[in-house]
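This report is for a reader new to the structure shown below. Please look over the sequence and the model before reading on.

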Amino acid sequence: MDPSLMLQKVKDRMPEKRYIHVLGVMGTAVSLARHYGVPEHKARIAAILHDVAKYADREWMRQIIETKGMDPQLLDYHHELWHAPVGAYVASYEFGIDDEDVLNAIRYHTTGRADMSALEKIIYIADMIEPNRKFPGVEELRAQQTQGLDPLMEAAVRQSIEFLESKNQPVYPDSLKCLEHFEQQRG
Ligand code: DGI
Ligand code: FE
Ligand code: FE
Ligand code: FE
């Protein structure tokens, strides 16, 4: 499917504000992809589709998680986490995406995980620092954009975990494993 048609279809499934976020993620992801030598078209497609399930019906998402072999543990965590793996399902079944790296970038864009691909890191980071995002610390992350994908990803996931912990929200194990992975890598 042509990226502009894909954008049109995604636009119909979300409020205007979310669509503006998707465009922001696309711009940031493409720029990171160029800088880090990742195929630009993969970053564009993953960015366009990353939040495709953000407004899907919660009970339908629960059913998809239960019946499509996804981690049942997801159901014990905040439903905000569900749109990422379910989004990968929608990308595959409704948009015909068969590139496993693109699907993983969508699947892990909310939590991260250990051993992420460059594309997965790019989508996670772009989601967090695209120009419409506002949170304390976002400028520091933006300033680190050209200092390496790994330090950037580590800083991004650490910031997310610290934010959740400051609000006493349980952190999904994949996020903790993601941070541990970088800490071990540094030794
Ligand atoms: O979909 P977006 O708003 O663009 O961003 P996102 O997919 O990165 O995150 C969606 C929400 O999920 C965000 O409000 C924070 C929340 N979240 C991310 N990781 C965890 C989490 N919530 C809990 N409880 N635990 C997590 O590990
Ligand atoms: Fe999301
Ligand atoms: Fe995110
Ligand atoms: Fe997003």
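## Model and numbering

This is a predicted model, in which local features need pLDDT of at least 70, side-chain atom pairs count only at pLDDT 80 or more, and totals for chains, interfaces and linings use all residues. Residues are numbered from 1 along each chain as its sequence is written, while chains are lettered from A and ligands numbered from 1 in the order in which they are written.

## Helix α10

Helices are DSSP runs of H or I with at least four residues, numbered from the N terminus. Helix α10 covers residues 173-186, 14 residues in total, and spans 20 Å from first to last C-alpha, close to the 20 Å expected at 1.5 Å a residue. That expected span is 1.5 Å times one less than the number of residues.

Ser-175, Cys-178 and Leu-179 are the buried residues of α10. Seen down the axis of α10, these buried residues fall within an arc of 90°, so they line one face of the helix; the arc is that of the directions from the helix axis to the C-beta atoms. A residue is buried if 20 or more other C-beta atoms lie within 10 Å of its own, exposed if 12 or fewer, and partly exposed in between, with C-beta atoms placed from the backbone. The face turned away from the buried side carries the exposed Glu-180 and Gln-184. Just after α10, Gly-187 has a positive phi of about 75°.

## Helices α5 and α6

The axes of α5 (residues 83-93) and α6 (residues 100-107) come within 7 Å and cross at roughly 145°. Axes are lines fitted to C-alpha atoms over the stretch in contact, and angles run from 0 to 180 degrees between N-to-C directions.

## Thr-28

Thr-28 lies in helix α2 (residues 16-36) and is buried, with 25 other C-beta atoms within 10 Å. Its C-alpha is 14 Å from that of Met-153, 125 residues apart along the chain.

## Two loop residues

Most residues other than glycine have a negative phi. Asp-115, in the loop between α6 and α7 (118-129), has a positive phi near 60°. Asn-168, in the loop between α9 and α10, has a positive phi near 55°. Asp-115 is exposed, with 9 other C-beta atoms within 10 Å, and Asn-168 is exposed with 6.

## Ligand 1

Ligand 1 is surrounded by 19 residues, the closest being His-78, Glu-80, Thr-110, Gln-169 and Tyr-172. A residue is near a molecule if its C-beta atom, placed from the backbone, lies within 6 Å of it.
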